[in-house]
Amino acid sequence: MKKVLLISLFITSIFSPCSAEVSDKNFQWQASADEDIYAPINKSLPTDEFSTTSGIVTLSTLFNNEIFLIAVRDPDCPISRRYAGKLKEFQKQGLKVIFLLTGQLARQETAEKDRQRHNLDGIYILDKNRKLSSWLGVQTSAEVYLFNKDSKLKYRGAIDDQYGIGFSRTKARQTFLSDALDAVRYNQEVQLSATSAPGCIIRQAKTTNKGHKVSWNKDIQFLISQKCQSCHRPGQAGPFPLETYQQVYNRKEMIRFVLENKIMPPWSLTDGSKRFINNDKYLANADRKKIIDWIDAGAFKGSETNTNVVAEWTSGWKYGQPDVILTSPVTVDIPTQGEIEYKYLSIPTNFNKDRWVHTVEVATDTPGNTHHIILFVLPPKDSFDKFMPGAQAKTDINRKELHKLALKGFFSGYIPGLPGVTYQDGSAKLLPKGWRIVLQAHYQSNGIHAQDRPQVGLQFLDKRPDKAINTLAATNINILIPAQKKHHLETAEFKFNQNGEIVGLYPHMHLRGSAFRYELIKTNGSKEVLLDIPVYDPNWQQYYQFRQPIIIKKGMKLLASGWYDNSENNLNNPDPNTDVRFGLRTRDEMMIGYFDWVDASNNINTAN
């Protein structure tokens, strides 16, 4: 399979010697022509009997001298979900579609789950022994196989190139299946008969003879619980659970794929960076290799007693029961397909006094659809109101207003697996009397219609904290990223006019962001790197909370540097032929280096 691996390159020697080494972790895979992929093109469908949801049948009896499609399905795979709607569209156009469940997925209940979730109509082949899958050469959950009226295979691969691993587009650029179908209908030669098809890996596992030195019970269960289960458990953002040995065994090929390509766990830094509190997603290379080797050796369960502490998860609020739960008055409708503009939801607090927030957490009904949510605190009436429900982000706002809208009142954020923050003892943020919370919610369609009514849980301190936290930012609203520019640098600087502490960092860019760095410029001119993200992933925007605060002296500066890839090599890029400026829409860009700040005098709103 051919894959696209985007490597963010920039020269590090001109920066501080303690800068992290540039890595190549930002993996993206799109459907493309692949001459090397196995495909029994022009061969006839086997005449064997197969199990289906309608009983044991010979496949030839399902087709009456007609063109037909066999579509591989996996109801828990995000890409497979997204393409369900397109399969329905082909059915409406008169194409007969047969669905294929292979290996561990080949069960009646799996077929029924997929059918009901997407309202699919058709027979499912239950290929538990992978006989048909082996003949077809099935590799992923997004593959389709087009046969002509003589039951000869004419095309195998992806439906189109709209969805892939590490990116999605508002519409497809190449329509592989439609093109092949047109050719078959008019009895013409299919010009492109085989493509790769990004999806969940479901091919037959190949094992080695390395023995069973590593087992689930003794070694792997602990790693999976610590590094995967914050998302991969019921009610969380992970598309399928990874809590039991059988669940992990059934997904072992996909686990191997994401580990080998460093897609998961999501961690943007080159090491564990133990200076941060929320570094629980970092997986050391030795542990990554241990899991891969375990899979290659057959994923042995073992009979040993697990002596490691396995994470225990509870349902409900991650940081404990809130003192107050605030609910959005608006329910957001999430369609099955298409781009979804940011939603702005205003939640009144109705507090009759100032409150000091020690913990903030966001709960969503749709963790699988929620890309991120940013929380702002604003007065009862504000210019932000033009972005309330029913209004879309406008392009005619002047730059100063954009600056205010992007920066004022930033409070906290939600990403999958990290729904908020608990500040260290004695620290809190001010939520003024009568102010409201505004959520900027970014949703993504995943093939399933859904609705969300997010909630915000708050825990308070009873008195003014020892450390009152402000969120400030080094930002640049005058960015201009040229079309087709692959490595474009923009910077922003914040000068401190008082002593204090930095307790956390939150870098923010959009789809063209490729790298980010915070540096502290000291009064003698020397630099210290506070955070270095050599490959910035817009799908995983994290808050980095320091274990020990960074001490700031008056006159120091915070330098934020952001790199952008506005070329066609960036598969997330909405339009590589357009110069890009600062803006609120996903297709615009931002250059914001948020930081949580404590003034030495413990004052509030002392922004420079």
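**Entry 1: a helix pair.** I looked up the crossing of helix 8 and helix 9 and found it left-handed; left-handed is the term if the near helix is turned anticlockwise from the far one by less than a right angle, right-handed if clockwise. Their axes come within 10 Å and cross at roughly 145°. Axes here are lines fitted to C-alpha atoms over the stretch in contact, with angles from 0 to 180 degrees between N-to-C directions. Helices are DSSP runs of H or I, at least four residues; strands are runs of E, at least two; both are numbered from the N terminus. On the helix 8 side I noted Ile255, Val258 and Leu259 among the contact residues; on helix 9, Ile291, Ile292 and Ile295 are included. Contact means heavy atoms within 4.5 Å.

**Entry 2: provenance.** The model is predicted: local features need pLDDT of at least 70, side-chain atom pairs count only at pLDDT 80 or more, and totals for chains, interfaces and linings use all residues. Residues are numbered from 1 along each chain as its sequence is written, and side-chain values use heavy atoms, with hydrogens and water left out.

**Entry 3: confidence.** I checked pLDDT, the predictor's confidence in each residue, from 0 to 100. The chain mean is 86, and 87% of residues reach 70 or more. Strand 30 (residues 557-564) has the highest mean of the elements, 98; strand 1 (residues 4-5) has the lowest, 36. Residues 1-25 fall below 50, yet the model gives this stretch 74 contacts beyond near neighbours in sequence. Residues 388-397 also stay under 50, with 20 contacts beyond four places in sequence.

**Entry 4: cores.** I asked how many residues the largest nonpolar core has. It has 77, and Leu375, Phe496 and Leu530 are among those with the most contacts inside it. Such a core is a set of buried Ala, Val, Leu, Ile, Met, Phe, Trp, Tyr and Cys residues joined through side-chain atoms within 4.5 Å. Buried means under 20% relative accessible area, with a 1.4 Å probe and protein chains only. Strand 16 (residues 370-378) gives the largest share, 6 residues. A second, separate core has 62 residues, including Val138 and Phe147. Over the chain, 56% of the 608 residues are buried.

**Entry 5: two residues.** Leaving aside neighbours within four places, Leu530 touches Ile502, Leu505, Phe546 and Ile550, among others. Trp135 sits in helix 4 (residues 131-136). Its contacts beyond four places include Tyr38, Pro46 and Phe147.

Technical notes. Buried < 20%, exposed > 50% of the residue type's maximum accessible area, 1.4 Å probe, protein only.
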